[in-house]
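Please read them with the structure open beside the text.

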Amino acid sequence: MNFSYYLACGNTDDAYKSVKGVSSKGVWESMAKMCVKTGRLDVAQKCLGQMQHAQGAAALRECEEPQEQARLAIVATHLNMTKEAEHLYTACERWDLLNTLYQSNGEWDKAIAIAKSKDRIHLRTTYFNYAQHLEALGNVQEALRHYELSETARTEAPRLLCSLGDYEELENYISQAQDAKLYRWYAQYLESKQQLDAAANAYRKAEDWLSLVRIACFYKDVEKAMQICHESGDKAACYHLGRHFEQEGEIKKAIHYFASAGRVQHALRLAQQNNMENDLMSLALSSTPSNMNQAARYYEQNEQFARAVTLYQKAGNVSRALELCFKAELFDSLRKIADDLNADCDPEVLARCAEFFMQHEQHDKAVHLLSISKQFERAVDLCCEHNVKVTDDMAERMTPDKTA
């Protein structure tokens, strides 16, 4: 009597005291429900223990939600107080937990509605979970539609239709979707079934040129593979065809397709290994400084110093280019390099070039190099000794800085 009276009055503390020694689970359940309505989480936890409701007690103990209302909603859920749990989640604005509650109760329309309006971050997850629910019920078309809404159709639609063995519907679905990734998946599936012609058709719709070239090479149809590379300009396809030609020993074609794929190092490697020096030079000149230096070392080792000097100079390795000019007495190359020298160059390099031009009686070039290396007295003496005409530019360069 006392328990019922206190419970009706909402006096949770006195109600709890009046039944403290009672072992009836029904009494404790009523007490727990009253705690949910009055917001007494501490007493509700004790009631769950007295009820021996292990699942509810564990869920409450493991709950790490900061809001007390959210924790109280956990108790309400395990006591089948769905409306109360809904009100509690709404009160603390835990829309994500409310969405989960609706999903658990199979109220998918409400779950999707709350996800659209309040819980946008979980909208795709909600669509996906609903799609799985529909799949379990055998509603294939609606499951596919919701997989599309969850943006997982590229993987889930083929899986679902393949698991049902409905390959005709799978083909129709992919044709209607007009999605490159789906076409690529379908092409790979057909290829695994050794249906290479159908796979090639699907690869073309997916614009997967690499796979098309791979199939063409498998059939030894190199003309078709070359046509695909020419029409698409796809670098991966060109690289694959280059590897194919390399394996077949057609080095010239391999170099061409490696270069088209942007794999200049592979092309340079083949040109060096097969002593294709003209191809090596043209490739190196249009490549990076590191590749130019690599090709230049090759020419230097083969005593083709003029080409080595050209590549070293273009790669910015001026000191090495000059050393080769002195070593091989490449006077024309040295003159061209000297025209590009400036005050930022190594003073020793400038002095060595100036000495070289003095030895070969090209005094105007020697004066130019001495002036930019700030050896003004020596430049003036050289002008006097050999009657070198001093231009305005030369005079400006040979004038010391007034602030020095």
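1. A residue is called buried when its relative accessible area is under 20%, exposed when over 50%, and partly exposed in between, with a 1.4 Å probe and protein chains only. On that basis, buried residues make up 42% of the 404 residues in the protein.

2. The model is a predicted one, in which local features need pLDDT of at least 70 and side-chain atom pairs count only at pLDDT 80 or more, while totals for chains, interfaces and linings use all residues. Residues are numbered from 1 along each chain as its sequence is written, and side-chain values use heavy atoms, with hydrogens and water left out.

3. The secondary structure comes to 29 helices and 0 strands, where helices (H or I, at least four residues) and strands (E, at least two) are DSSP runs numbered from the N terminus. Taking contact to mean heavy atoms within 4.5 Å, residues 24 or more positions apart account for 33% of the contacts with a separation of 6 or more. The protein exposes about 22,800 Å², of which carbon and sulfur atoms supply 46%; these areas come from the Shrake-Rupley method with a 1.4 Å probe.

4. Two packed helices are described by the angle between their axes and the distance between the axes. Here the axes are lines fitted to C-alpha atoms, for helices over the stretch in contact, and angles run from 0 to 180 degrees between N-to-C directions.

5. The axes of α15 (residues 196-205) and α16 (residues 209-218) come within 8 Å and cross at roughly 155 degrees. That makes α15 roughly antiparallel to α16, a description used for angles over 145 degrees. Leu 196, Ala 199, Ala 200, Tyr 203 and Arg 204 in α15 meet residues of α16 that include Trp 209, Leu 212, Ile 215 and Phe 218. By class, this contact of α15 with α16 has 8 nonpolar, 1 polar and 2 charged residues, with Ala, Val, Leu, Ile, Met, Phe, Trp, Tyr, Cys and Pro counted as nonpolar, Asp, Glu, Lys and Arg as charged, and the others, Gly among them, as polar.

6. The axes of α23 (residues 305-314) and α24 (residues 318-328) come within 8 Å and cross at roughly 160 degrees, and α23 and α24 are therefore roughly antiparallel to each other. Among the residues that meet are Phe 305 and Tyr 312 in α23, and Leu 324 and Cys 325 in α24.

7. The buried residues of α24 are Ala 321, Leu 322, Leu 324, Cys 325 and Phe 326. Just after α24, Glu 329 takes a positive phi of about 55 degrees.

Notes: Angles under 35 degrees count as roughly parallel, over 145 as roughly antiparallel, 65 to 115 as roughly perpendicular and the rest as oblique.
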